[in-house]
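Hi there,

Here is the structure I promised to pass on. Have a look at it first, and then read my notes below.

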Amino acid sequence: MAKRDYYEILGVAKSANADEVKAAYRKLALKYHPDRNPDNKEAEEKFKEATGAYEVLSDTEKRQRYDQVGHAGYEQMGGAGHGPGGMDMDDIFDQFGDIFGDIFGGGQASGRGRAKRKTSPEAKRGHDLYKEIVVTLKDAFLGAKEELSYHHFFACDTCQGKGMEKGTSVQKCAACNGMGQVQFRQGFFMYSQTCGTCSGQGFTIPSPCTGCKGQSRKQQYDKFSINIPKGVFDGAELRIAGKGDAGVFGGPAGDLIIKVLVTEDKKFKRQDDDLVCTVLLTYPQLVLGAQIDIEIIDGTKEAIKIPKGCPVGEKIILPGKGFYKIRGNTRGNLVVITQCHIPKSLNAEAKKALMEYSDSIGTDTADSGSAIAGFFKKFLG
């Protein structure tokens with residue numbers, strides 16, 4: 001019997017777009033689906049016929065070739081869809097399972113297609129675990145050693161992660177025949193759900209390990225030290241391989257991912273890889289210049305030269321004295337910002353000297369480059 005035109009089978013015009021083609025096929029698939037028409041050979045053939053048409057018209061290249069040479073020409077070229085009698089039902093569910101999942105509410109109709117029997121435990125990787133640690137800015141500058149303690153899964157040492165007693169083996173689940181799913185009918189439709197006997201694994205363990213009760217792993221307390229690298233920054237994540245949960249049935253262990261939180265320091269700040277601080281100087285030190293020693297965050301002292309006429313807010317940079325860069329051997333800078341100490345009270349001798357200094361330099365600041373000139377009246381006290 002000659003095959004019908006694919007557009008005719010689906011009941012769409014040749015100008016139909018992809019969504020219209022899919023909608024037409026969904027309608028026919030629902031109407032003639034084997035689960036709605038059990039033991040109905042005619043419905044099964046129509047279902048196959050619609051699927052063969054959809055296989056061609058849903059594929060852009062196949063559809064273009066089909067439109068160019070016509071139905072008869074396409075068949076002669078050997079590029080036809082499967083059509084009635086020529087398609088295996090399991091192939092249909094494998095190839096178009098997503099569409100049937102939509103039709104039947106997200107489940108795999110009739111349990112066909114991608115579900116496969118499971119005859120042995122499947123090794124799976126363990127979960128990654130996440131922890132936060134808090135360090136000081138000084139620790140971030142120098143590096144530090146931190147102790148971690150937490151519970152996580154280890155491979156069972158009794159059965160070496162196999163989950164069963166030595167010399168025994170798993171058995172295919174009799175309830176689901178190793179599929180991991182059981183089926184039941186409701187009206188016209190066949191539904192699948194996870195097998196309650198084997199919890200979807202497809203197998204059972206007749207003689208589970210006494211150490212882990214067949215789980216292949218058990219939770220234990222772990223404690224160890226880690227090195228916080230010099231230059232670590234706030235929010236950095238450190239990954240320790242194999243320190244997450246052990247895998248299931250011999251699968252590899254997950255990793256431990258540590259997020260580092262750096263607390264603020266009262267005297268120092270971090271800007272990129274620079275260590276920044278302020279130094280409080282007297283007015284004479286700013287005017288005349290000076291050499292001072294400051295103690296930096298690691299407790300060592302650095303000699304700082306204050307240039308003559310140094311303004312407040314000046315940044316004095318010491319190259320290579322900042323944070324270590326995590327990647328590479330270079331360092332940021334130490335940035336010292338100058339501030340002026342203004343005393344709130346003076347003794348009589350200091351006050352007299354300051355007044356004499358003021359008289360000697362005058363009070364006119366118009367040539368200072370300031371945008372706004374001040375008009376002096378008198379000192380307040």
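What follows is a short tour of one histidine and of some aromatic rings. Please keep in mind that this is a predicted model.

Let's start with His71, which is in helix α4 (residues 60-76). Is this residue buried or exposed? With a relative accessible area of 14%, His71 falls under the 20% cut-off and is therefore buried. Its side chain makes a polar contact of 2.7 Å with the side chain of Tyr66, and it also reaches the backbone oxygen of Arg4 at 3.4 Å. Leaving aside residues up to four places away in sequence, His71 touches Lys3, Arg4, Asp5, Tyr6 and Tyr66. Two of these names come back in an aromatic cluster, which is formed by Tyr6, Tyr7 and Tyr66.

Now to the rings: the structure holds 7 aromatic pairs. One of them is Phe141 with Phe323, edge-to-face at 5.2 Å centre to centre and 75 degrees between the planes. This pair links distant parts of the chain, 182 residues apart: Phe141 is in helix α7 (residues 137-142), and Phe323 is in the loop between β14 (315-318) and β15 (334-340). Both Phe141 and Phe323 are buried.

Tyr150 and Phe224 have ring centres 6.1 Å apart and planes at 70 degrees, so they too are edge-to-face. Here strand β2 (residues 144-155) provides Tyr150 and strand β7 (residues 217-228) provides Phe224, 74 residues apart. Tyr150 and Phe224 are both buried.

Finally, take a look at Tyr324. The charged end of Lys230 sits over its ring, 4.7 Å from the centre, and Arg331 lies over the face of Tyr324 at 4.3 Å from the ring centre.

Best wishes

Methods. Residues numbered from 1 in each chain as written. Predicted model: local features only at pLDDT ≥ 70, side-chain atom pairs only at ≥ 80, totals over all residues. Heavy atoms only, no water. Helix = DSSP H or I, 4+ residues; strand = E, 2+ residues; numbered from the N terminus. Buried < 20%, exposed > 50% of the residue type's maximum accessible area, 1.4 Å probe, protein only. Polar contact = N/O pair within 3.5 Å; in protein donor to acceptor, adjacent residues only side chain to side chain. Contact = heavy atoms within 4.5 Å. Phe/Tyr/Trp six-rings, centres within 6.5 Å; stacked < 30°, edge-to-face > 60°. Lys NZ or Arg CZ within 6 Å of the ring centre and 35° of its normal.
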